[in-house]
Amino acid sequence: ARSPSRPDTRSAIMAADAPLANMGGPVSGFGPEADAPVDASPARLWTVWLVQAVMFWATREIYRRYMREPSVVPPRSTWLLWLLNVLLTVPCWLVDCPLKYKVPKIGYMLERPLSLAKLRRVAEQRTGLSDWGESPTFPALFERSIKRLNEVRPTPFGRLVTFDYLMRRLITRLEVVDAAKRLSDTTTAPVVVVKAAPLFVMGLPRTGTTLLHRLLALDPAARFPKTYELLDPVNRKNYSHARRAAYVDRKLDLIKRVVPHVEAIHELGAEEAEECLLGLGVDVPMLPPTFRHLVREVVEELVGNDADDASAFPDIGPAYELYKTQLRIMAAAAAAASEEEEDSGSSQEKQKRWCLKCPAHVPFVGDLLRAFPDARIVWTHRDPRESLPSLGSMFRTFADMCEADDIDLQAIGREQLEFWSAAVRRADARLAGVPRDRVAHVKFADTVDDPVGVVERIYAHFGWTVSAEFGARMRDYIEANKATRKKIPRHLKRYHKYTLHEYGLTRDAVRTAFAAYYRAHLDDD
């Protein structure tokens, strides 16, 4: 029996619930239906999930169509890139969860945030080496790049690509530092000192540097670094050239399938003459996943801290010195291979000049000349109102591959305008003190109209001769290149269409930012 002084709590709650009962049932958790089983059938769960997915998709589409700025665009994705991201999503969830599940083989590559300490540890484990050859730029610039990368939300595939790129550059650094010790010991390895002055092609990106470089590399008297050599200059496992090239080609073919429109921007191949970014990247991570972050660092110094052109850019002299070491290693390997084929091979190798290229040399040409004081420079020129949006399109393409968030095209445009206008001012100031016979200037339109004639004029400027064999090689290459470019499907070329306006730039703004550059190199047209 209940005490008269104690109210029946359950009765009171039911009484309070009575009005609600007339509206369709008791308050959840009370009443006769409280113990009724919840419908958790697979059909119901799938229905709830489908409704949520549709609501998420509808909300996203409303934002993208009606609320987002026109200059902010989603990453473009092929079906293969989409599939790879879907397959990698669950492993990413597992490594991100508080329990830190271990995912076999690739789990450590998917973890975020990125950690330089972990990258270095993995590189040491893979090589068995530990001497990093620390310098004023290493590991400082790696740390700054990784800090910037951690501010960006990557796709699952982007996580994999970024970790793999940084890890492989660090592995190469360990191997190069180790090989440099043996290379300096004449009792264990031949020292090859290339007698001919190296030739460097530089210019704003998208100004014809790649075509010109690959033509100049056809000279029988020149040597050039191939993509597979730059990725693994030491070749500690003594793999054959064919095996190394085949491995790199498989990796590049995957990139072409994942982001096929990259071929409309830059031709990729294991045995192609490739630019110096890979070599410099063992000290300064400057390839597409990270180069834009270096640009942002410089722009913040220029705009945010009001720095001048001289102090805004980092000193990367040690990167060029280490790159020079890599070239020595590759030259020694080529000389050893030639000695196996003919007695005079090593002597012939010493007479060959290095033919090198990279747009990033423009702001750092002073650092380049300290490492290569006898270098010859070819500077390509194109109206920045044409090259800058083309460059923006290239950066957007690499963001498509790695980034999950929407891409701000106007931000890309602003960054490139500030960075490259300061870069050319810096380059002009540095080259003003270099003898004119060591610097040749080439216009993009001339390279397109008469590429062989441009090479002949460059050689005449430096006092060199274009041999008959060299001329024939160039003409054959040009015809083959035209045929290759025609095979690129039209639907891929449309990805590389661009305008100044979509990157937030105007013709007047570009002209103003590059005023001195126009006067020095373009206004005589």
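Guide: We'll go through aromatic pairs, charges over rings, a helix crossing and one leucine. Keep in mind that this is a predicted model.

Visitor: How many aromatic pairs does the structure hold?

Guide: There are 14 aromatic pairs in the structure. One of them joins Phe462 and Trp464, with the ring centres 5.1 Å apart and the planes at 45°. That pair is tilted.

Visitor: Are Phe462 and Trp464 buried or exposed?

Guide: Phe462 is buried, and Trp464 is buried too.

Visitor: What about Phe514 and Tyr517, how are their planes set?

Guide: Their planes meet at 65°, which is over 60, so the pair counts as edge-to-face. The centres of Phe514 and Tyr517 are 6.0 Å apart. Both Phe514 and Tyr517 are buried.

Visitor: Which rings link into a cluster?

Guide: Ring pairs connect Phe291, Phe313, Phe364, Phe395, Phe419 and Trp420.

Visitor: Switching to charges. Which ring does Arg382 lie over?

Guide: Arg382 lies over the face of Phe444, 4.1 Å from the ring centre. Another arginine to look at is Arg511. Its charged end sits over the ring of Tyr518, at 4.4 Å from the centre.

Visitor: On to helices. How do the axes of helix 17 and helix 18 cross?

Guide: They cross at roughly 125° and come within 10 Å. Helix 17 covers residues 384–402, and helix 18 covers residues 409–431.

Visitor: Why are helix 17 and helix 18 called oblique?

Guide: The angle is roughly 125°. Perpendicular runs from 65 to 115 and antiparallel starts over 145, so helix 17 and helix 18 count as oblique. The crossing of helix 17 past helix 18 is right-handed.

Visitor: Which residues meet there?

Guide: Helix 17 brings Leu388, Leu391, Gly392, Phe395 and Arg396. Helix 18 brings Leu409, Ile412, Gln416, Leu417 and Trp420.

Visitor: Last topic, Leu322. Where does it sit?

Guide: Leu322 is in helix 14, residues 317–341.

Visitor: Is Leu322 buried or exposed, and why?

Guide: Its relative accessibility is 13%, under the 20% cut-off, so Leu322 counts as buried.

Visitor: What does Leu322 touch beyond its sequence neighbours?

Guide: Leaving out residues up to four places away in sequence, Leu322 touches Arg173, Val176, Val282 and Asp283.

Visitor: And how far apart are Leu322 and Gly281?

Guide: They are 41 residues apart in sequence. In space, Leu322 and Gly281 are 10.0 Å apart, C-alpha to C-alpha.

Key:
Residues are numbered from 1 along each chain as its sequence is written. This is a predicted model: local features need pLDDT of at least 70, side-chain atom pairs count only at pLDDT 80 or more; totals for chains, interfaces and linings use all residues. Side-chain values use heavy atoms; hydrogens and water are left out. Rings of Phe, Tyr and Trp (its six-membered ring) pair if their centres lie within 6.5 Å; planes under 30 degrees apart count as stacked, over 60 as edge-to-face and the rest as tilted. Buried means under 20% relative accessible area, exposed over 50%, partly exposed in between (1.4 Å probe, protein chains only). A charge sits over a ring if NZ of Lys or CZ of Arg is within 6 Å of the ring centre and within 35 degrees of the ring normal. Axes are lines fitted to C-alpha atoms, for helices over the stretch in contact, and angles run from 0 to 180 degrees between N-to-C directions. Helices (H or I, at least four residues) and strands (E, at least two) are DSSP runs, numbered from the N terminus. Angles under 35 degrees count as roughly parallel, over 145 as roughly antiparallel, 65 to 115 as roughly perpendicular and the rest as oblique. A crossing is left-handed if the near helix is turned anticlockwise from the far one by less than a right angle, and right-handed if clockwise. Contact means heavy atoms within 4.5 Å.
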